[in-house]
Amino acid sequence: MKDHATLAKEFIKDSPRTDWHDETLWFVRHKRDKAAHSLPEWEQLREWASQIKNHALSNLDSYLEEFEKKALENGAVVHWAADAEEHNQIIHKIIKENGISRIVKSKSMLTEECHLNHYLEAKGIEVVDTDLGERIVQFRKEPPSHIVLPAIHLKKMDVSETFHEHLHTEKGNNDPKYLTHAARLHLREKFIAAELAITGVNFAVAETGGVVVCTNEGNADMGTHAAKIHIASMGFEKLIPKAEHLAVFLRLLARSATGQPITTYSSHFHKPKPGQQLHIVIVDNGRSRILGKPDFKNSLKCIRCAACFNTCPVYRRSGGYSYHASVAGPIGSILNPNFDSKAFADLPFASSLCGSCSNVCPVKIDIHDQLWKWRQEITRQGHVAVAKKVGLKGMAFVLARPGLYRFGGKMLRWVLKTMPFMINNRLNPWYKQREMPSPPKQSFRDWYLKNQKR
Amino acid sequence: MSSKDKILSAIKESKPASTALPVIDISAVISFDDLKAQFKKVLETIGGVCIESVGKGEMEKIVAAELSYVQNGVNTLGAYDEGLPLISAEDLASVDLAVISGTVAVAENGAIWVSETQMVNRILPFIAQQLIIVIEKKDIVTTMHHAYQKIDVAETGFGAFIAGPSKTADIEQSLVIGAHGPAGLKVIIY
Ligand code: SF4
């Protein structure tokens, strides 16, 4: 398997595209800052979220039992899957028993982690991904490259070509509005015909036995309400104790992800509608092992907002595929080694350890500390020879290429963007516990020039 | 041993020492001088349109005017087709406009809670080409914390916060309104 450094090298071959990827995600990160700064209680919210998750993880067994009891009372069917294989088998069984052939799925990183689509395809069952970005990459037989923006590695002409081939749109029409409308017509047909809808779960509430799914497009709702069977797949760490805690997480999630004040739809599913079946699949797949590791258990608090991706100078310039895993970015770099520390030995090295990820994380995961701890762990396990050598070389290659950049004002902006930790650590100690805002251009320039001379 | 028992016993063995839940002090969060003005401002930034009407009578007039040029209007405020809960997605796909009422509107983010009872048919607010949500001025609250105090999420089988029209930016980050669901959302405050 190719490692991060090699894959990153392939990604940055097309340098205008790499620049576009970098700048676009940096722009998303800016929108996140603006949204966060609009709330004076932002740091308090992060602290509450972190404490709620800590509490939930430390009482997970009893909350899971409470959740199951309530969900059963609500009329849902609850399944437990020890690993990916069992998760896929459970879903396959529901499909087979009900004689289903038309299936739609909204975004779920868990089903990516379990490679559900491949599993079902091998059995001759087609699943239509309905998130626009996911449908685009599905047509192209590619995995998502970002957990919130699945097709962020593609340009509109790529989408246009793909849609021309699969949806017979006009050749060369690159208008996002036109292309989105074509997808709308195509997918509305799929929704209306759907017999079974699979969704992920953003939050599961122990006290009510319900699950919450967040989308902007409305695709989860179109599928689940049209179909006679809804399957919601969740990692067991999605559990939170009470409905009122949703307020904390819904305030943080979209602001951290895209800078929106909330996603368009935050749908709360409790009971199946008359004549419908609601199945909830609770999955472990290595999570209980992570829970038992004091250094790494915090990674289970993740709400998959991708703020750490967008702020990461390495992710922005190496792309999602360089992480060769279903969850990329800084969080992927600490989650994946839990599953296979040898296969993912390179990932903890795909970081500058600048700490910006930890500073933007809405649930306060100590991401960069865990990256550091993973490096030590991997060294201990003896996988370091490969990982470190290529990993560090790759980092240097991705980051230290000022030749790729314009000079002058642009260059300064590049330093800020690429090494946000410089600001964090030296310019303004007040920001130590926070992400780095972009300082006024002039003062930064002064500061930078001064520091250059030293 | 069943997978359930396996998972639960693995968790029991590996879970960290119990930590306390935080006390969420709502008095410590943001406040706005004018809830309606704040709600309107945010709704407009997320692609919605806000119509303010003074009294219930005027609200009804506005809804009636909207419905007069709409083919398949569904008005849950007055009488609606009793068969509506059972109408299939296929038939509802051609609904041009749905008018429903909401329970509570949130000033900080422009979201409105709509319960299953208010939707009448679960798919209606998601499948209609245009959506109007009617809300009483007194039901606008400051933040999501306040909203959850006013609703019972499990009261009906389904409920959702709806904030603006359906949207996507999955093609080169260009915002397009009307991904799968309504391409327009109007909120009438009375
Ligand atoms: S680790 Fe934190 S910032 Fe990264 S995706 Fe998870 S919650 Fe978001």
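Biologist: Does B:Ser166 count as buried or exposed, and at what relative accessibility?

Modeller: The general idea is that buried means under 20% relative accessible area and exposed over 50%, with partly exposed in between, using a 1.4 Å probe and protein chains only. B:Ser166 has 0% relative accessibility, so this residue counts as buried. Please keep in mind that this is a predicted model, in which local features need pLDDT of at least 70 and side-chain atom pairs count only at pLDDT 80 or more, while totals for chains, interfaces and linings use all residues. Residues are numbered from 1 along each chain as its sequence is written, chains are lettered from A and ligands numbered from 1 in the order in which they are written, and side-chain values use heavy atoms, with hydrogens and water left out.

Biologist: Where is B:Ser166 placed, and which residues is B:Ser166 in contact with, leaving aside its neighbours within four places in sequence?

Modeller: Helices (H or I, at least four residues) and strands (E, at least two) are DSSP runs, numbered from the N terminus; B:Ser166 sits in the loop of chain B between strand E8 (158–162) and strand E9 (167–168). Contact means heavy atoms within 4.5 Å, and, leaving aside neighbours within four places in sequence, the partners of B:Ser166 include A:Asn216, A:Glu217, A:Thr264 and A:Tyr265 from chain A, as well as B:His180 and B:Pro182 from chain B.

Biologist: How should I read a helix, and which residues of helix H2 of chain B are buried?

Modeller: In H2(B), residues 35–45, the buried residues are B:Gln38, B:Phe39, B:Val42 and B:Leu43. Seen down the axis of H2(B), they fall within an arc of 130°, taken from the directions from the helix axis to the C-beta atoms, so they line one face of the helix. On the other side of H2(B), B:Lys41 and B:Thr45 are exposed. The buried residues of H2(B) pack against strands E1 (49–52), E4 (104–106), E5 (112–115), E7 (140–141) and E11 (184–189) of chain B.

Biologist: What caps the N-terminal end of H2(B), and which residue follows the helix?

Modeller: B:Asp34 is the cap, with a side-chain oxygen 3.2 Å from the backbone nitrogen of B:Lys36. H2(B) is followed by B:Gly47, whose phi is positive, near 95°.

Biologist: What average pLDDT does chain B have?

Modeller: pLDDT is the predictor's confidence in each residue, from 0 to 100; chain B averages 91, and 93% of the residues score at least 70. For the complex, the predictor gives an ipTM of 0.96 and a pTM of 0.90.

Terms used:
A polar contact is a pair of N or O atoms within 3.5 Å; within protein, one must be able to donate a hydrogen and the other to accept it, and residues adjacent in sequence count only if both atoms are side-chain atoms.
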